[in-house]
Amino acid sequence: MERMRVSDIMTSPAIVIGPTTTVPEAIAMMKEHHIRHLPVVENDRLVGMISRGDLREASITASINADSYELHFMLSRLTVGKLMSRKVFTITPDAPLVHAAELMTEQKIAGLPVVDEKAAVVGIVTESDLLRTLALKLREAEEATGK
């Protein structure tokens with residue numbers, strides 16, 4: 001397999017949100033774009049990452065002792081800045097794709113923001129991108145060998 005780079009498979013531009021985005025807004029954005037990870041950006045710099053799982057967990061936790069009105073009120077005021085992961089692993093567009101796969105496997109993460117030298121988010125690479133690429137390469141290899 002030729003030496004692939006992160007830029008070969010990343011989704012660009014990445015859909016990003018700010019830390020003041022509310023939980024319902026973030027959920028709606030993920031549903032609208034059929035995504036599970038959102039880099040959180042402030043002043044054009046990456047400050048965190050939020051996943052659908054993070055939002056689901058917050059919703060479940062809030063719902064334990066609240067009626068539906070209280071739940072809606074609490075979630076409408078809760079921002080991703082309070083829930084996001086602040087320790088975010090990143091990768092650059094020119095990094096070998098194998099490095100992204102190794103980092104994601106070692107750290108048990110499903111998405112890596114792709115950043116430039118100024119820490120601006122230029123894309124995202126996810127486990128779905130990696131699996132799609134693996135399937136494509138396996139199919140190409142099968143077709144090349146005739147099996």
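This is a predicted model: local features need pLDDT of at least 70, side-chain atom pairs count only at pLDDT 80 or more; totals for chains, interfaces and linings use all residues.
Biologist: Where does T126 sit, and which residues does T126 touch?

Modeller: T126 lies in strand β4, which covers residues 121-126, and, if we do not count residues up to four places away in sequence, T126 touches H37, M104, A110 and G111.

Biologist: And V125, what is that one in contact with?

Modeller: Leaving aside neighbours within four places in sequence, V125 is in contact with a list of residues that includes V6, I9, I91, A100 and L112. V125 also belongs to the largest nonpolar core, which has 14 residues, and V125 is named with V6, I91, A100 and L112 as touching the most other members.

Biologist: Which element gives the most to that core?

Modeller: That is α5, with four residues, while α5 (97-107) and β3 (111-115) each supply at least two. There is also a second, separate core of 10 residues, with A26, M30, L38 and L55 among them.

Biologist: Switching to helix α1, which residues are buried there?

Modeller: In α1, which runs over residues 23-33, V23, A26 and M30 are buried. They are on the same side of α1, because they cover an arc of only 65° around the axis. In general, an α-helix has 3.6 residues a turn, so residues three or four places apart point the same way.

Biologist: What does the face turned away from the buried side carry?

Modeller: That face of α1 carries the exposed residues K31 and E32, and α1 is then followed by H34, whose phi is positive, near 55°.

Definitions and conventions. Residues are numbered from 1 along each chain as its sequence is written. Side-chain values use heavy atoms; hydrogens and water are left out. Contact means heavy atoms within 4.5 Å. Buried means under 20% relative accessible area, exposed over 50%, partly exposed in between (1.4 Å probe, protein chains only). The arc is that of the directions from the helix axis to the C-beta atoms. A nonpolar core is a set of buried Ala, Val, Leu, Ile, Met, Phe, Trp, Tyr and Cys residues joined through side-chain atoms within 4.5 Å.
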